[in-house]
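Here's a quick tour for anyone meeting this structure for the first time. Have a look at the picture, then read on.

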Amino acid sequence: MTVQDIRSFNRFYTNVIGALDYGRHLYAPYTLTESRVLYELAHSPRTDAADLRGELSLDAGYLSRILNKFEQDGLIERTPSERDPRRRRITLTAQGSETAALLDERSRESVGALLATVPADDRPRLAEAMRTVRTLLSSGRPPRNEDVVLREPGPGDLGWIVQRNAALYAAEYGWNADYEGLVARIVADFAEDHDPHLERVWIAELDGRPVGCVMCVRDDAPGTARLRLLLVEPDARGLRIGDRLVGAVIDFARDGGYRDLVLWTNDVLAAARRIYQRHGFVLVAEKPHRSFGADLTGQDWRLDLHPPQE
């Protein structure tokens with residue numbers, strides 16, 4: 001293979017996906033780079049300019065001009081970062097979220113139309129070829145935190161949540177089908193009736209496959225949100241995916257006007273408990289119980305989303 005071979009493939013591929021065809025209004029009125037920045041902001045709720053520069057390898061001046069344009073267009077807001085007062089946290093406004101969703105929908109439709117031209121029997125071969133390209137050109141490096149994308153669930157993802165919860169907890173803790181039934185009911189309730197402004201599911205994706213999930217739903221108590229079904233695949237642990245998922249729920253619940261965020265877990269889930277503690281959750285009650293074929297100690301945790309300022 002030569003450099004010319006790769007350049008030829010690049011020209012072919014950019015033409016196929018229409019990356020340069022602005023006449024189709026795929027990204028209009030934004031460039032491909034601007035659309036990518038919007039995508040990152042929509043899928044990474046705790047973002048500042050330094051994060052974006054690192055994840056997208058953008059020049060600081062170029063990124064600053066993009067963010068200034070977004071601010072002028074009413075797409076973003078910049079506020080002091082809770083993690084580092086020297087940084088500015090960047091969040092999408094309602095208009096920004098709508099714009100990002102529109103661009104994402106256009107992209108999905110474009111890729112869907114492209115995939116429709118590939119015979120069903122050839123699609124596994126295409127997927128494997130794409131994985132091969134990514135693997136070879138990544139120089140065998142291990143996955144990094146920035147390789148993980150948090151996104152909304154697509155077709156089949158809610159079923160994946162049920163299947164992976166059941167399989168993972170059976171393998172790691174010996175829980176029986178009662179737990180699968182519980183998860184199935186939680187997911188079904190969300191799928192059948194939820195308010196997208198107050199309830200949401202996140203899927204963590206790595207190399208095109210789901211590796212984690214979490215859910216935020218309304219609790220029975222007024223003004224209270226509930227975190228549910230936090231899960232990270234074993235081979236994706238160590239990338240702080242759990243922290244990002246919990247952080248996404250906290251930001252969403254706070255922005256949604258909830259006063260506090262609660263969750264129920266069991267004491268055997270030590271790794272998850274450490275994540276909750278890092279984010280400020282406080283243990284408020286615990287009680288032994290027999291569930292899922294095991295003797296467990298259930299725990300209720302709570303986070304005050306608007307603590308009084310000192």
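The protein chain has an accessible surface of about 17,800 Å², and carbon and sulfur atoms own 53% of that. Those areas come from the Shrake-Rupley method with a 1.4 Å probe, and for residues only the protein chains shown count as cover. Keep in mind that this is a predicted model: local features need pLDDT of at least 70, side-chain atom pairs count only at pLDDT 80 or more, and totals for chains, interfaces and linings use all residues. Residues are numbered from 1 along each chain as its sequence is written, and side-chain values use heavy atoms, with hydrogens and water left out.

**Overall build**

- Along its principal axes, the C-alpha trace of the protein chain spans about 65 × 50 × 35 Å.
- Of the 310 residues in the protein chain, 38% are buried, where buried means under 20% relative accessible area, exposed over 50%, and partly exposed in between (1.4 Å probe, protein chains only).
- Take the contacts (heavy atoms within 4.5 Å) between residues at least 6 apart in sequence: 61% of them join residues at least 24 apart.

**Charges**

- The protein chain carries 41 positive and 48 negative side chains, counting Lys and Arg as positive and Asp and Glu as negative, with His and the chain ends not counted.
- The centres of the two sets lie 4 Å apart, with each charge placed at NZ of Lys, CZ of Arg, CG of Asp or CD of Glu.

**Aromatic rings**

- Rings of Phe, Tyr and Trp (its six-membered ring) pair if their centres lie within 6.5 Å; planes under 30 degrees apart count as stacked, over 60 as edge-to-face and the rest as tilted.
- By this rule the count comes to eleven aromatic pairs.
- In one of them, the rings of Tyr 169 and Tyr 173 have centres 5.8 Å apart and planes at 25°, so they're stacked.
- Both of these tyrosines, Tyr 169 and Tyr 173, sit in helix H7 (residues 157-173), four residues apart, about one turn of the helix.
- Tyr 169 also stacks with Trp 175, because their ring centres are 5.0 Å apart and their planes are at 15°.
- Tyr 169 is buried at 11% relative accessibility, and Trp 175 is buried at 6%, while Tyr 173 is partly exposed at 33%.
- Tyr 169, Tyr 173, Trp 175, Tyr 179 and Phe 292 form one aromatic cluster.

- Most residues other than glycine have a negative phi.
- Leu 229, in strand E7 (residues 224-232), has a positive phi of about 60° although it is not a glycine; Leu 229 is buried, with a relative accessible area of 12%.
- Arg 240 has a positive phi too, near 60°, and sits in the loop between E7 and helix H9 (241-255), partly exposed at 47%.

**A look at Leu 115**

- Leu 115 belongs to helix H5 (residues 94-116) and is partly exposed, at 35% relative accessibility.
- Leaving aside neighbours within four places in sequence, Leu 115 is in contact with Arg 123 and Leu 126.

Notes: Helix = DSSP H or I, 4+ residues; strand = E, 2+ residues; numbered from the N terminus.
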